[in-house]
Amino acid sequence: MIDSKYKWQLEKPADSTLVERLVKDANIDPFIASMLVQRGITSAESAEDFLNPAVSAFHDPFLMHDMSKGIERIQTAVESGEHITVYGDYDADGITSTTMMYETLSDLGADVDYYIPNRFTEGYGPNVEAFQKVIQKGTTLIVTVDNGVAGNEAIAAANSLHCDVVVTDHHSLPEKLPDAYAIIHPRVKNDDGDAYPFGDLCGAGVAFKVAQALMDEVPSDLIDIAAIGTVADIVSLRDENRAIVKFGVQAISNSQRPGLLALIKEAGIDLGRFSEEDIGFGIAPRLNSLGRIKDAMVGVELLSTFDEERAESLAKFANQQNDLRKSLVDQFFTEAVQSVEDSGDSSPRRTLVVVGHNWHQGVLGIVASRLVDKYQRPTIVMTDTDGSNDLKGSGRSVDHFDLFKAIDPIRDQTVGFGGHHSAVGLTINKNKVALLRDQLEKAAEEQQLDLSAKTPLNIAGVMPVSKITTDLCEKIKTLAPFGQDNPKPVFQIQFDQLANVKVMGKANDHLKFSLVQGNNRLTAIAFGRGSTASVLQNPQTTIQVVGEIGENTWNNRTTLQLMVDDLNQTLPPVLDERTRELHRQMFAHAGVYVFFHERVFKQLQGYVDNQSQAMMYDQITGASVNGERLYIVDCPDVIDDLVKLLAKVQPQTTVLYLYKKQLLSKIGMPDRNSYAKLFRFVKEHSNINIATQLKQISKHLHISARTIIFMVQVFLELDFITIQNRVVNLNPNYAARDLKSAPSYHLRVEQLAAEKKLLVSNTHELVSFVKDCLGV
């Protein structure tokens with residue numbers, strides 16, 4: 001059974017009055033108008049700002065806290081020839097932030113270099129030793145990018161060494177801000193109590209605003225780099241961020257940066273069809289891999305170099321690091337799954353802690369994310385290292401569990417700990433693993449973690465395959481760039497049947513199939529759902545599909561394609577599961593199990609647990625089966641018994657086992673010649689022992705033993721013969737009677753008719769018949 005991963009929430013249709021007004025006032029297509037209204041955009045002015053952002057979308061950078069103070073200090077340093085160090089971060093947002101700040105200061109003629117701390121030896125953010133090191137080399141001004149707002153200790157150390165620090169950051173604000181020369185941050189309020197008009201800038205966005213303030217104009221030559229950081233950091237794609245990414249995607253399509261072009265080539269991206277998805281799935285992972293695997297410093301060089309040969313070399317290196325990152329993730333994920341399965345933690349525990357040996361620390365968070373996706377529970381992935389008693393790790397959570405809050409009570413038992421609701425990093429001693437596991441389970445109880453709760457998935461509407469066209473796809477593109485707060489619309493697809501279901505990928509872990517409606521066909525791709533192929537290949541499977549409509553280009557040919565977000569199997573009204581064998585597993589599902597034969601009922605009722613009912617067909621009332629699954633266990637002798645049963649019940653689904661060990665239709669009804677041969681034999685022989693002589697009689701008459709027994713029963717019911725102690729003799733007083741008047745003869749006719757209708761028919765015929773009986 002394929003259960004949906006998400007909780008599907010079909011959005012209400014957009015208010016028709018608002019849609020009509022927007023179509024008229026903004027002169028836009030009705031479909032686009034309805035999508036905008038669903039996103040809360042209802043006026044022509046807001047629609048124009050959203051669809052066609054202008055340079056005016058960029059706010060005055062000096063509205064940001066300490067921007068004037070910070071800019072003055074930077075300008076003073078440039079003019080006086082002070083040595084400036086841009087202090088960045090090792091992820092894609094940090095690399096792009098560093099690149100923009102470094103290029104801007106270089107263009108202003110500053111004496112500037114950059115420093116990105118090592119993830120493994122120095123960690124995230126301002127580091128006392130790192131600050132001391134750059135200051136000893138002559139730095140008198142440190143400008144942080146994408147970090148610094150929580151760097152109190154390191155900034156205090158810099159101050160003591162007479163080095164000013166200008167913080168540019170976007171991360172969550174600590175209780176106490178550091179004593180920096182200036183803190184340029186979109187969420188820090190100014191002295192008048194006002195904050196910057198848009199608080200959701202990423203580190204690259206803040207660096208872009210600083211560049212705008214320093215240059216006294218929107219730095220169009222940096223917007224490509226700003227867009228990469230913005231998409232990579234998964235921040236809101238509304239307001240200023242939307243303008244950055246919209247313009248940035250256009251700029252990348254026409255980029256002259258050798259490093260960026262080389263990276264795009266290595267990623268196999270088609271610049272002619274470039275979109276924000278190419279940043280998210282192609283460029284950003286390669287930049288992130290640099291810091292995850294080794295050293296992010298080369299990322300800045302890659303983006304800023306004008307040496308084409310060096311650019312190609314660095315791009316190849318970034319691609320290799322990304323391939324290594326993927327292979328490490330695959331390896332550690334496989335080992336982690338094996339560890340979970342071997343320990344049995346996948347079932348009884350509501351949280352997971354997995355400990356590996358010498359796993360690369362840079363990919364632990366990704367492995368944790370994949371485990372969360374697989375097991376749908378908060379997960380910590382840690383690793384030991386040779387020569388150390390400490391374990392380092394990363395954790396990821398589900399929407400309804402605060403992972404930071406869960407671990408915080410034992411913070412004093414950790415070597416290092418930090419993070420937020422959904423992600424944490426920590427270091428603990430090896431002997432604290434049991435404590436960590438127990439604390440997570442305790443927190444799961446306290447937070448009432450419900451593992452059955454699903455993350456909501458908003459569905460924009462229901463879309464028939466026949467309506468999915470190139471024109472529709474182009475309309476959807478007008479809503480781009482897509483991302484946080486502006487998701488690509490997800491549709492539930494209407495179709496008649498699934499076709500061409502096949503697995504794909506090296507490990508056969510992905511799925512490809514076609515959705516067919518009339519003469520229309522749409523290819524669908526479902527990543528990570530290869531294991532469901534066998535279920536989807538069953539023609540009886542009824543499935544619901546939701547996904548994002550897009551395009552796929554292969555060999556210069558572009559076709560429409562659905563990227564599947566989720567699948568949900570729905571039980572059909574009638575399910576054909578006819579069988580010649582019954583086993584215990586077939587009675588494991590909750591429901592009402594109905595029997596037509598007392599003998600089968602007595603044999604199998606013990607298979608039915610307390611959550612279900614086992615009943616004879618003549619015990620069923622309308623109240624017995626209401627909204628439950630109904631299992632027809634064995635085949636009735638008389639069709640009308642089944643018809644009457646189905647007429648008085650309203651099951652959720654009717655599952656047809658219709659068990660019958662041997663089909664009478666294979667024997668059939670004896671012909672008149674067979675009856676005549678047996679009658680003559682009985683007339684000519686007396687005292688026939690039907691128990692001991694059956695095989696001989698069968699061989700002599702060339703009639704099967706089962707048929708002879710049946711005909712003997714008919715003769716007995718018609719008083720043609722007598723039987724005493726299994727000895728058969730002719731009744732001397734028999735009278736001629738119609739064979740059809742014998743009850744056994746009549747029953748055999750009914751049984752053969754039931755078999756023909758219920759057991760010999762094909763699935764379509766059987767299901768149609770039962771659905772008619774149910775009235776569905």
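A residue is called buried here when its relative accessible area is under 20%, exposed when that area is over 50%, and partly exposed in between, using a 1.4 Å probe and protein chains only. The areas themselves come from the Shrake-Rupley method with a 1.4 Å probe, and for residues only the protein chains shown count as cover. The model you are looking at is predicted: local features need pLDDT of at least 70, side-chain atom pairs count only at pLDDT 80 or more, and totals for chains, interfaces and linings use all residues. Residues are numbered from 1 along each chain as its sequence is written, and side-chain values use heavy atoms, with hydrogens and water left out.

Let us start with the charged pairs. Side chains of opposite charge can pair when their charged atoms come close. The structure holds 24 salt bridges, each defined as a side-chain nitrogen of Lys or Arg within 4 Å of a carboxyl oxygen of Asp or Glu. One of them joins Arg529 to Asp566, with 3.7 Å between the closest N and O atoms. This pair links distant parts of the chain, 37 residues apart: Arg529 sits in the loop between β17 (520-526) and α19 (533-537), and Asp566 in strand β19 (residues 557-570). Helices (H or I, at least four residues) and strands (E, at least two) are DSSP runs numbered from the N terminus. Arg529 counts as buried because its relative accessible area is 17%, and Asp566 is buried at 0%.

Now turn to Glu82 and Arg73, whose side chains meet in a salt bridge of 2.9 Å, N to O. Glu82 is buried at 17% relative accessible area, and Arg73 is buried at 10%.

Glu551 is partly exposed at 26% relative accessibility, and Arg273 is partly exposed at 38%. Both residues also belong to a network of salt bridges that links Arg273, Glu474, Lys477 and Glu551.

On the surface, Asp107, Asp216, Glu217 and Asp221 gather in a patch of negative charge. Such patches are made of residues with over 30% relative accessible area and no salt bridge, with like charges joined within 9 Å. Asp and Glu count as negative here, and the place of a charge is taken as CG of Asp or CD of Glu. Asp221 lies in the loop between α8 (203-215) and α9 (223-232), and its 46% relative accessibility makes it partly exposed.

The aromatic rings come next. A search of the whole structure finds 22 aromatic pairs; rings of Phe, Tyr and Trp (its six-membered ring) pair if their centres lie within 6.5 Å, and planes under 30 degrees apart count as stacked, over 60 as edge-to-face and the rest as tilted. Phe596 and Tyr617 form a stacked pair, 4.9 Å centre to centre with 25° between the planes. Phe596 lies in the loop between β21 (592-595) and α20 (598-604) and Tyr617 in the loop between β22 (613-616) and β23 (629-634), so the pair ties together parts that are 21 residues apart in sequence. Phe596 is buried at 8%, whereas Tyr617 is partly exposed at 23%.

Terms used. Patches are made of residues with over 30% relative accessible area and no salt bridge: like charges are joined within 9 Å, nonpolar side chains (Val, Leu, Ile, Met, Phe, Trp, Tyr) within 5 Å.
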